[in-house]
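Please take a moment with the sequence and the model before reading on.

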Amino acid sequence: MKPLHMVPDDVNIPFLKVRKLFYIFSLSMVIVSGVLFFTKGLNFGIDFRGGILLEIKTEGPADVTALRNNLGSLGLGDVAIQQFGEPDDVLIQLQRQDGDEKAQMAALETVTKALGDGVSIRRSELVGPKVGSELKEAGLFSVLISLALIMIYIWLRFEWQFAVASVVALLHDVIITVGLFVVSGIQFDLATLAAILTVGGYSINDTVVVFDRIREFMRKYRKMDLPELLDLSINTTLSRTVMTSFTTLLALIALFLFGGEAIRGFTFALIFGILIGTYSSICVASPLLIVFKLRRKIPEGEESKTEEANAL
Amino acid sequence: MLYFTKWKAALVLLVCALGVIYAAPNFLPKGTFPTEASWMPGKQISLGLDLRGGSHMLLEVGVDSVIRERYDSLTENMRDALREARIRYRGLRGSADGASVTIVNDDDVEKARSLIAKLDPQTVVGGDGNHIMVTYNEKTRREMVDRAISQSLEVVRRRVDELGTTEPSIQRQGEDRIVVQVPGLNDPSRLRDILGRTAKMNFHLINESKTPQQARETGIPPGAVIMPGADDASAGAPQEYLVDRRVVVSGDNLIDSQPTFNDGRPVVSFRFDAAGGARFGDVTSKNTGRRLAIVLDGKVISAPRINEPIMGGSGIITGQFSVQEANDLSLLLRAGALPAPMKILEERSIGPGLGQDSIESGEIASVLGMVFVVVFMAISYGLFGIFANIALMINLILILAVMSILQATLTLPGIAGIVLTVGMAVDANVLIFERIREERKIGRSIISSIDAGYRSAMSTILDANITTLIAALVLFSFGSGPIKGFAVTLAIGIITSMFAAIWVTRLIVAYWVKYRRPTELVL
């Protein structure tokens, strides 16, 4: 049986020709995401906002209206009630209560009491205001730190243009993924943040593979135009890019469909992020090298080494 | 690249074999192996609270109040010293930041400073002019905090142990926080009740010169204070008591406490140590006929009249208790008081049912994800795809083995990390196989293509994985609970997948080439 090649062997797509289109598309996505982020804002989960979350199972199908009336009258501010999964699965979320940690505790006890014995509480989470804001800070900090570390690593391994281009592409992925969360209104919690950082790692991974090839070809084909060389690099690695993205997506789709409600938002972020990460490493990161005026400057000493590489 | 020395091949096989041995206990019933030696196989991966159900609480110890107490007592000593030396002062007070006083006469300032400095060698005497500010030096402050935290840890441990759950974990986090994790607890509110209370019990005499009502109107007598009652108003007990500020017997001397019944009502018995018993006997014989208030965390539980001296060093506390409350109170008294009040900053509880559901859906998702990837790899790369799939299995076994050895905790996001690794693990092999395809296309021989494929893919694999590893490590160091679980499996998965993809498939391919001598490469 002949193995299936997802990408034809002699693929030659002129990505660089339409790079202006990619720029326009990416830039507008980033801008829209940015604007939405500052106007509409993220739907932060209790991890960052502080508050209370309860996952309950009612006896028989849940009567959401009755629950809403019951809990709404407790005077605890906004109560979000949402049915999910099975008809008797309900998610209850309370906003952060005014006052300190004790006030949150009291609210949790009030709600638990109001729910009565008929429902079983499958999960309860309470995040005090202090922890919430700490998590937010730590989250932002970790995104910035990992961006910086990745940039340093790429800079050490390649020329600076590669480092900047890869981080720009990475930021592009992160911003657009965050934008998706703003648009969809899906809750943004700790797990989502983890997903976004993973997307970052994945996207960089993808980009590095293409960059590696560009570096190799730059030594090999010294007379080739940069756009042509970039196209050749992208096309020769295209099969791998598609294969890896596809296998990863396969695994993630299994997780999305069968992994349960608790990690659905998380896998959703990963799936979208991997799609956008694949796009960006092909259509954003490599063309950016032209923008940053990547030039071949091979010091005299390396001349012979390159010849050797060619000879292999 | 295709040549393996014998010992190198043996090493790769040894690692795989060790992986199988260390991962195996996870598929056998618990306790199949003795688990004394830490390096011996037989340990299982421990499941996180989100998978087996349980409660997680992040508590903050109010260290400020401990420091405040120290400054208060320092203030008392300063008062005595200044009085004895007949130095006039005003504004003597203690706070969490230090003890301060203002000396009235300029001439006394020097003398006052040296007197105060002598009180406690660990203090720093500052302030300017007539104003003197005394603070503990940083080392002492740190010691106070450390002591308060370690005492709190001890008390929390005793209290949680009383709940009778298995394997609770109680750890310090950061400067003044404690993380409590209790697996398999059905009712988090019980834990909340037990941890949320300081449980400082003291005995005070009731001041009977006035009723609390009168005291409010005409002024509180010196040395007395109004304390609220512990019971709800509905119970019919008085709401306030006027008590002497002085602690006549402290709860620190308690050695035992049990819930019991008196006239059919739940009560709590207590017993003092020898010193406490003697002191209790002394107080009760000198104050027979007066009322003794039993004060818990600043609230009066009850104030029985002392009918006769109590010499045995034991007694009972009556109050408006339910059976559960009597149980809890005796538990708290047995476990001892916290040195400082604690606040619950974060609480996450998962019921056992949900945990079980998560395990099941995690299993289904992992298996399906695997099947998808395995089938797809076989379709795409034929025989080489099967080689990669063998490496993938070994990779999974190695992840389980490493997690068992490190005793890492598997959480739901951790399962997601493994599934993601399954998808990404094939990447290294994809890189290599694609490279081999390319080399073949240029017209190289089979062996030289395979060789070149491994050689040139290597640096790419390293670069690509190291960047992902960076992200995983950052996640690990900044993340809290659930994120950490994800980062652990992701990081382990990256490392094992590199081993599996580079060494294991290369070994398989090397032997395949050696013994089959392929004439065509179907890839």
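Two strands are said to pair if DSSP finds at least two bridges between them, and the helices (H or I, at least four residues) and strands (E, at least two) are themselves DSSP runs, numbered from the N terminus. The model is a predicted one, in which local features need pLDDT of at least 70 and side-chain atom pairs count only at pLDDT 80 or more, while totals for chains, interfaces and linings use all residues. Residues are numbered from 1 along each chain as its sequence is written, and chains are lettered from A and ligands numbered from 1 in the order in which they are written.

Taking residues as in contact if their C-beta atoms, placed from the backbone, lie within 7 Å, 66 residues of chain B are in contact with 64 residues of chain A. On the side of chain B that touches chain A, helix H10(B) gives the largest share, with 17 residues. That side divides into 38 nonpolar, 17 polar and 11 charged residues, where Ala, Val, Leu, Ile, Met, Phe, Trp, Tyr, Cys and Pro count as nonpolar, Asp, Glu, Lys and Arg as charged, and the others, Gly among them, as polar.

Chain B also holds an open sheet of 5 strands with antiparallel pairing, in the order E10-E11-E9-E14-E15. Strands E10 (224-228) and E15 (299-302) stand at its edges, each with a single partner strand, so one side of each is left without a neighbour in the sheet. Inside the order, strand E9(B) (residues 201-206) is joined to strand E14(B) (residues 292-296) by 5 bridges, and Leu205(B) has Leu292(B) in E14(B) as its bridge partner.

Leu475(B) touches residues of both chains, including Ser142(A), Ala194(A), Leu197(A) and Phe486(B), when residues up to four places away in sequence are not counted.

Finally, helix H5(B) (residues 138-162) and helix H9(B) (residues 323-335) pack at an angle of about 140 degrees, with their axes 9 Å apart; here axes are lines fitted to C-alpha atoms, for helices over the stretch in contact, and angles run from 0 to 180 degrees between N-to-C directions. Val155(B), Arg158(B), Arg159(B) and Glu162(B) in H5(B) meet Leu331(B), Leu332(B) and Ala335(B) in H9(B), and the residues of this contact divide into 4 nonpolar, no polar and 3 charged.

Methods: Contact = placed C-beta atoms within 7 Å.
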